[in-house]
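Dear colleague,

Please find below the structure that I am handing over to you.

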Amino acid sequence: MDPDDPVVRLCVQGMAAEAEGRDGDAHARFREAWDAAADDYGKCVAAHYLARHQPTPAETLRWNQECLDRADAVGDDRVRGFYASLHVNMGSAYRALGDADRAHEHYVRAAAHIGDVPPGGYADWTRFGIADGLRTTRTSGTLAALVERLCARGELRALGVVLPPYLGDLGTEEDRERLVTALRMVHAARWLPDGEQDALGAVIAELLKVSG
């Protein structure tokens, strides 16, 4: 984004106010950015930040939808890298409203766009947000229950191996293979009590069945 663009400049000022805990000033700058925007691209950028400073989940959803609609109206490479984040925001808004099905739809769509986000810390954070949304908006399975038990018991060795691929799982074949490899390593190490060891074996078999 062009740092000299007035919309971008106002949003940067709003982000600085946000970081200092001055939410009222942040909202005012983002609103000024919205008013100053002369095209759909500028409106998209401003709406993204305005959505973060709304008083109700319904208003947050409205502004996130506005942001997504404006990105669709732009329709070129300037917004291509935005979509993963935009759909994460939509998913989070629907989740806050208690609509897990609609939320899950947007997290799935976000996962489809993660390849358009340039590699780096922002992409890593977006991937985490997608994976977290996918996990929390679908029926918890045996693996989720097992991970919760490992966390409750502080089983750090197993968690150190399992959590990275588990927390980054977007449901792709590559992610599933990475997760299965980690689970197999823990299973082979036999770090877990017999009951959990059996549950882990069942999870691996279930994931391999899905892959097959």
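What share of the 212 residues in the protein is made up of buried residues? Buried residues account for 41% of them, where buried means under 20% relative accessible area, exposed over 50%, and partly exposed in between, with a 1.4 Å probe and protein chains only.

Please note that this is a predicted model, in which local features need pLDDT of at least 70 and side-chain atom pairs count only at pLDDT 80 or more, while totals for chains, interfaces and linings use all residues. Residues are numbered from 1 along each chain as its sequence is written, and side-chain values use heavy atoms, with hydrogens and water left out.

The overall fold

The protein has 11 helices and 0 strands; helices (H or I, at least four residues) and strands (E, at least two) are DSSP runs, numbered from the N terminus. The C-alpha trace spans about 65 × 35 × 30 Å along its principal axes. Of the contacts (heavy atoms within 4.5 Å) with a separation of 6 or more, 54% are between residues 24 or more positions apart.

Helix H6

Helix H6 covers residues 100-113 and reaches 20 Å from its first C-alpha to its last. Its buried residues are Ala103, His106, Tyr107, Ala110 and Ala111. They lie on the same side of H6, because they cover an arc of only 150 degrees around the axis, the arc being that of the directions from the helix axis to the C-beta atoms. Asp101 and Ala112, on the other side of H6, are exposed. The cover over the buried residues of H6 includes helix H4 (57-74), helix H5 (83-96) and helix H7 (121-136).

Helix H7

H7 has 16 residues, and its buried residues include Thr126, Ile130 and Leu134. The buried residues of H7 pack against H5, H6 and helix H9 (156-167). Gly133, which lies in H7, is buried with a relative accessible area of 0%. Not counting residues up to four places away in sequence, Gly133 touches Arg95 and Tyr107. Gly133 and Ala103 are 30 residues apart in sequence and 7.8 Å apart in space, C-alpha to C-alpha.

A buried lysine

Lys43 is in helix H3 (residues 40-50).

With kind regards

Methods:
The expected span of a helix is 1.5 Å times one less than its number of residues.
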